Amino acid sequence: MWDLAWQTIKTRLSGFVGAFIAILCGTALVAGCGILMESGLRAGVPTQRYADAAVVVGGQQTVDPPGAGPMETQQVGEQASVPVTIAGTITSVPGVRGVVAEQSFPANVVTADGRALNGPEGGQSLGHNWDAAKLAPFSLRDGRAPAGPDEVVLDAELASRSGVTAGQQVKIAVRSTPVDYLVSGIAAPKSGDGLSRQSSVFFSQEKAAELAGTPGQVHAIGVLADPGVTPGDLADRISAAVGTDKVTVTTGVERSTVEFLDVSQTRMLLMALAGSFGGFALLIAVFVVASTLALVINQRRREFALLRAIAATPQQIRKLIGAETMLVASVAGVLGSGLGVAVGFGLRNAFAGIGVIPPDFELALSPIPLVAALALGLGTARLAAWSASRRPSSIRPVEALGEAAVERRELGRVRVIVGGALVVAGLAGSMVPIFLPGEPGLAASSGSSLIIVIGLAVVSPKVVAFMTKLIAPVLNRTSRISGYLAAANSQANSRRLAAAVTPVMLAVSFALTMFYSQTSAAAARQEETVESTTADHVLASTTGGLSPEVAEAARRIAGVAAATPVVRTEVMNTVQEQDRVRVDRYGAQGLDGTQVRGNLDLGVVSGKITDLTGNTVAMSEREADWYEKKIGDEVEFYYGDGAPAKLRLVATYTRDQAFGRYVLPVELARAHTGDRRDDSVLVRQQPDADSATVTAALRDLAARYPGLVVTPGSAVAAPAGGQQQAQFYVNLVAVGVILGYVVISVANTLVMSTAQRSREFALLRLIGTTKRQVVRMMRFEALATVGVAALLGTVVAGVPLMLLNLGLRGTPLPSGTIAVFGGVIAGAILLGLVSLGLATRVALRSKPIEAIGLRE
């Protein structure tokens, strides 16, 4: 059977090219997503501050409650700290040469003209204790180490930008107004003048502990190893000595997860992206490969009919198709797996280019995702071959040749039932946002459109036959010859037309759904934020955070009625699912309950937001109902840094798109963020106050708190606006890659469906039809194909999008530019015309008398 399959492939090589391309691209796409997922588990960036430390001990980097599996945990959203007391335990571990506890906190040099300097290329500027300099290591180029509380050492790159040298004075702001320090020395790492991701300001040990503001806690503990001791062995000994319940012991690239918060966030993003779009990619790959193989096998129905007529058994037909498919899929899968490496790096570079992952984030490469993609590709091809071979292998020998002459008109009863059930299920899923707005509704809306597409694809010959009946009169009136031929062909070959319509419909619906669902969700957050924010002014900072003193300073300005500090963070809570526990991440804010009135309207439905002080929490009404919590109940969850919380519920509210599902007292939220600063301050002026005077007074605060900026209240952004915007661009890149695969498949299918018609074109020309009329006929068929596909794709995407917007925004109209819709439709039309046009011209190159005698 394998020899026969190989001979068939060699003689029908052009017929298998389409299946080869579909499997190749599908495997590459799945392999690329697999590489991203693996990178989310174990990749990172080269460490900088800890380059000389064999082992780095940091705070717990994951929330891993009892009962949670390895895929149900969550990375912390804020930088966790580690108890300084374990440094003594680590010192006694064999193989340890030295132990250094490092403090880390925001520290910005303020220039003579009042500018607050960040790190290189807008990165962080951080303060540390001088003892931690040996972990990089930093060494003095000039001057001496800081000896007193008013002395600092700057890295050479920061000193150059500041325009100061050893022995001069410099102003430094650390969560307060700038303070004068003496620059006692200038230091630099082994290579260069500073670190590429951050600037470093070193204080004395006592002053650094005071400025960090975390008594008994440090950012990390660096461990220097004795000669001959490997980092892995030392890490195992340290883990055994201190345990891993509350700390993380890291070596190699894992050290960067302790040093940089964005590494953990990038890992989390890649895991979520690979899981979400990897699933979409796999489902679409199955869909595309199955439809392509079905078209290939349908084109050979006369051949299989002949085999049945000469006594080939159904099992032999199925084995032949399976063997052919596996031979093609094996070659395509191996090449596609290798191409997946390029896809993975291309996605990494695209994400880095739009600023959502660090440019120096390295991908993890191993054979696992490539082998998995190959196995999935082969499995997909085998399943598709089994499905496509059922019809040609099941017909009786007597009926075989008769059925092969024309397409079978009716569909099987089971197929109609399955297709109808999928469409109904998709429509039901699209209604979820009406009853469950937010992320669950958004996910259900996106998935429902794909389910509807699959359902319509199952019954596509019936759907296309109905649509062609509607457009046939239009084609007949448009052109007496070419239009009539196009209409007749479309009605007589509904299965062939359906094979071309389906991938175009998929491309249109997928593009529209993914784009407009994201823009609609972002618009819903922004609209609710604007509606619920009544502040007249918003204070923010170019340094990434505001001093907690700013809100109090703003309240003291004449004419200010309220100044509400805002801390944006995350919390994590557990969801019990039968015998296992899943950890979910939710947006949260820290607010001053006594200052909320006049600035914010949370839509409180029970309790009092003014009671939000001390160990209390407010929850969205839906979240409280889900966990069956009432006012006065204790609520347990995890802060963004992974610390457990047990707080008393004092209020519930409805506007969770603007404020997240949890609102904490600002002091609590601030204490569990890495920099312990505010994200913004909302200011409400008194009704009789002069707006210009108040605005000028607020701007004067910038002289005391460098980097402070004042914007109108109308310019307020939705919570985590930057993160949501980054996620939006990430989704666009991923959708673009998947859509590129679909477009290749569309062109592939259209060319395949046209290339087999050379004998048909020859016959038309022999009976008097001109070459120009055949070309016009195919143009009409192309317009009919993409027209039907675009209409169906728009309807399939439109229904879930309308229901999503009703649930999120109270209006059925999606948010977003109409130009994208026009571009998608125009692109589909252009793709159809070009693909069919080129294939038609190639098929018409042969003389009719020669083409009519060609073998199918």
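**A helix pair and the cores of the protein**

The axes of helix α16 (residues 460-478) and helix α17 (residues 482-492) come within 8 Å and cross at roughly 165°. An angle over 145 degrees counts as roughly antiparallel, so α16 is roughly antiparallel to α17. The crossing of α16 past α17 is left-handed. On the α16 side, the contact is made by Thr468, Lys469, Ala472, Leu475 and Asn476. On the α17 side, Gly483, Tyr484, Ala486, Ala487, Ser490 and Gln491 take part. These contact residues divide into five nonpolar, five polar and one charged. All of this is read from a predicted model.

Now step back to the whole chain. The protein has 28 helices and 26 strands. Its C-alpha trace spans about 100 × 75 × 55 Å along the principal axes. Of its 856 residues, 53% count as buried. Consider the contacts in the protein with a separation of 6 or more: residues 24 or more positions apart account for 82% of them.

Which residues have the most contacts inside the largest nonpolar core? They are Leu36, Ile284, Phe351, Leu506, Ile738, Tyr741 and Met777, in a core of 102 residues. Helix α18 (residues 494-532) gives the largest share of this core, 17 residues.

Setting aside neighbours within four places in sequence, Tyr741 is in contact with Ala22, Cys25, Gly26 and Leu29, among others.

A second, separate core has 22 residues. Val109, Val170, Val174 and Ala188 are among them.

Terms used. Residues numbered from 1 in each chain as written. Predicted model: local features only at pLDDT ≥ 70, side-chain atom pairs only at ≥ 80, totals over all residues. Heavy atoms only, no water. Axes fitted to C-alpha atoms, helices over the stretch in contact; angles between N-to-C directions. Helix = DSSP H or I, 4+ residues; strand = E, 2+ residues; numbered from the N terminus. Parallel < 35°, antiparallel > 145°, perpendicular 65-115°, else oblique. Left-handed = near helix turned anticlockwise from the far one by under 90°. Contact = heavy atoms within 4.5 Å. Nonpolar A, V, L, I, M, F, W, Y, C, P; charged D, E, K, R; others polar. Core = buried A, V, L, I, M, F, W, Y, C linked by side-chain atoms within 4.5 Å. Buried < 20%, exposed > 50% of the residue type's maximum accessible area, 1.4 Å probe, protein only.
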